[in-house]
Amino acid sequence: MAHINLLPWREEAEKAKQKEFFSILALVAIVSFAIVFSISQYFQAKIDGQNTRNEYLKNEIKILDIRIAEIKTLDEKKKELEQRMSVVEQLQRSRNVGTQVLNEIAKIIPNGIYLTHLKKVNNTLELEGKSESNNHLANMIREIERSDLFIDAVLESITSKDAESKLLSDFKMRVSIKGLKSSEQTKSAQGGR
């Protein structure tokens, strides 16, 4: 007699195929999830690394901004010190000016010229006096031009009065002193302190 297999082998084969299909599907899902997760972790690590670098750069920029501000304040202090030093140098140069001016005036005034008035305004001397002749005044101006202390001699006027002796004429002259700043220049150099 022929053997008849009554076992449900087709159903078992189908169940085995379904089980294999779901196993493969689960394996593909797990592998896909692992790949997507590892890729996302890789890019997240890159983003975190870049954020860390950005924070580091921001902190360094803040430190440099503080240093730049310190440098600016140091530059301002340096300028103030330079201005103070120039004022001190100016004062040092002008310390003995009165004595030097009188000595130099004694050297440059020739015989025949008599000073009646001497006034110092800032770095300018205003001279008034009497002269026996215009040649004496010309000689005086030449001596001022050769002087180490005086510059810019300007003869403002020469007058002769009829009432007085005709031998003497009155003159007015302005002379600048070398190396002296006027008080307005000194105040502006001090920066209004």
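Trainee: With which residue does the side chain of Lys130 meet in a salt bridge?

Mentor: This is a predicted model, in which local features need pLDDT of at least 70 and side-chain atom pairs count only at pLDDT 80 or more, while totals for chains, interfaces and linings use all residues. Residues are numbered from 1 along each chain as its sequence is written, and side-chain values use heavy atoms, with hydrogens and water left out. A salt bridge requires a side-chain nitrogen of Lys or Arg within 4 Å of a carboxyl oxygen of Asp or Glu. At 2.7 Å, N to O, the side chain that meets Lys130 is that of Asp170.

Trainee: How many residues apart are Lys130 and Asp170?

Mentor: Helices (H or I, at least four residues) and strands (E, at least two) are DSSP runs, numbered from the N terminus. Lys130 belongs to strand E2 (residues 124-131) and Asp170 to strand E4 (residues 169-177). The pair thus links distant parts of the chain, and its separation in residues is 40.

Trainee: Is Asp170 buried or exposed?

Mentor: Buried means under 20% relative accessible area, exposed over 50%, and partly exposed in between (1.4 Å probe, protein chains only). Because its relative accessibility is 17%, Asp170 counts as buried.

Trainee: How far apart in space are Thr159 and Asp170?

Mentor: Thr159 lies in strand E3 (residues 150-159) and is partly exposed at 39% relative accessibility. Contact means heavy atoms within 4.5 Å; beyond its neighbours within four places in sequence, Thr159 is in contact with Ser169 and Asp170. Thr159 and Asp170 are 11 residues apart in sequence, yet the distance from C-alpha to C-alpha is 5.1 Å.

Trainee: What is the N to O distance in the salt bridge of Glu156 and Arg174?

Mentor: Glu156 counts as partly exposed at 43% relative accessibility, and Arg174 is also partly exposed, with 35%. The side chains of Glu156 and Arg174 meet in a salt bridge with an N to O distance of 2.3 Å.

Trainee: Which side chain of opposite charge is nearest to Glu104?

Mentor: Glu104 is found in helix H2 (residues 97-108). Lys and Arg count as positive and Asp and Glu as negative, while His and the chain ends are not counted. Glu104 is buried without a salt bridge, and the nearest side chain of opposite charge, 4.1 Å away, is Lys107.

Trainee: Why is the pair of Phe33 and Phe37 called stacked, and what is the angle between the planes?

Mentor: Rings of Phe, Tyr and Trp (its six-membered ring) pair if their centres lie within 6.5 Å; planes under 30 degrees apart count as stacked, over 60 as edge-to-face and the rest as tilted. Of the aromatic pairs, the search finds 3. The ring centres of Phe33 and Phe37 are 6.1 Å apart, and the pair is stacked because the angle between the planes is 20°.

Trainee: How many helices and strands does the protein chain have?

Mentor: Along the sequence, the pattern of the protein chain is α-α-β-β-α-β-β-α. The protein chain accordingly has 4 helices and 4 strands.
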